[in-house]
Amino acid sequence: MSRAFAATRNLKPDFEFSAIKSDLPETLAPLRRDAAAEGYAFVERLYDEWASGAVRFDRADERLISATLGDEIAAIGGVTRDIDDPNTLRMRRFYVRPSFRRRGFARRLALRLLDMLKPSGAEVRVNAGTETAPQFWESVGFQPVGEKGHTHVLRRAGG
């Protein structure tokens, strides 16, 4: 377990994580609307890829989880195998609704996803697609890189 995630476990559990495995739940609709309103197409791509079966977050080490506060969807994020290198993982479809930002959801979601990964030592890559995203990813341990369409990488020790 990462030290940063271990530290967050002592916080009051004000929201819940849920694994998404079979179908995208209807409760994601507000998240989908908010992302579209902000001009982010990657949440819609999540729906398209899920419907087509192209990406289902169901291979080894892949995960898709949501965070809710009460009965409201707050955030979503996932990890898949990287297209360019199947021995590498990629953090993707990571989105926090505007009304839930600056409240620790992104950090705890990212750390939960990283903690869920088997101790394979696989690199995790991300494409920080907004102006503020690089600072966020660096704050959870990712290092800047400029390779194969990825902006940041987290190199993990094997376990």
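How are α2 and α3 oriented to each other? I began with this pair in a predicted model, where local features need pLDDT of at least 70, side-chain atom pairs count only at pLDDT 80 or more, and totals for chains, interfaces and linings use all residues. Residues are numbered from 1 along each chain as its sequence is written, and side-chain values use heavy atoms, with hydrogens and water left out.

**Entry 1: the helix pair.** I looked up helix α2 (residues 29-37) and helix α3 (residues 42-52), which pack at an angle of about 130 degrees with their axes 8 Å apart. Helices here are DSSP runs of H or I with at least four residues, strands are runs of E with at least two, and both are numbered from the N terminus. Axes are lines fitted to C-alpha atoms, for helices over the stretch in contact, and angles run from 0 to 180 degrees between N-to-C directions. α2 and α3 are therefore oblique to each other; angles under 35 degrees count as roughly parallel, over 145 as roughly antiparallel, 65 to 115 as roughly perpendicular and the rest as oblique.

I then listed the contact (heavy atoms within 4.5 Å). From α2, A29, L31, R32 and A35 meet V43, E44 and Y47 of α3. These residues divide into five nonpolar, no polar and two charged; Ala, Val, Leu, Ile, Met, Phe, Trp, Tyr, Cys and Pro count as nonpolar, Asp, Glu, Lys and Arg as charged, and the others, Gly among them, as polar.

**Entry 2: burial in α3.** I found F42, V43, L46, Y47, E49 and W50 buried in α3, where buried means under 20% relative accessible area (1.4 Å probe, protein chains only). The buried residues of α3 pack against α2, β2 (63-69), β3 (72-81) and β4 (89-96). Just after α3, I noted that G53 takes a positive phi of about 85 degrees.

**Entry 3: the sheet.** I traced seven strands in an open sheet of mixed pairing, in the order β1-β2-β3-β4-β5-β7-β6. Two strands pair if DSSP finds at least two bridges between them. β1 (16-19) and β6 (143-147) are the edge strands, each pairing on one side only. The twist averages 30 degrees from one strand to the next. Strands β5 (residues 124-126) and β7 (residues 150-154) pair in the antiparallel sense over three bridges, and R125 stands opposite V153 in β7.

**Entry 4: helices on the sheet.** I saw α2 lie across β3 and β4, running at about 80 degrees to β3. α3 packs on the sheet and touches β2, β3 and β4, its direction making about 120 degrees with that of β4.

Key
Buried < 20%, exposed > 50% of the residue type's maximum accessible area, 1.4 Å probe, protein only.
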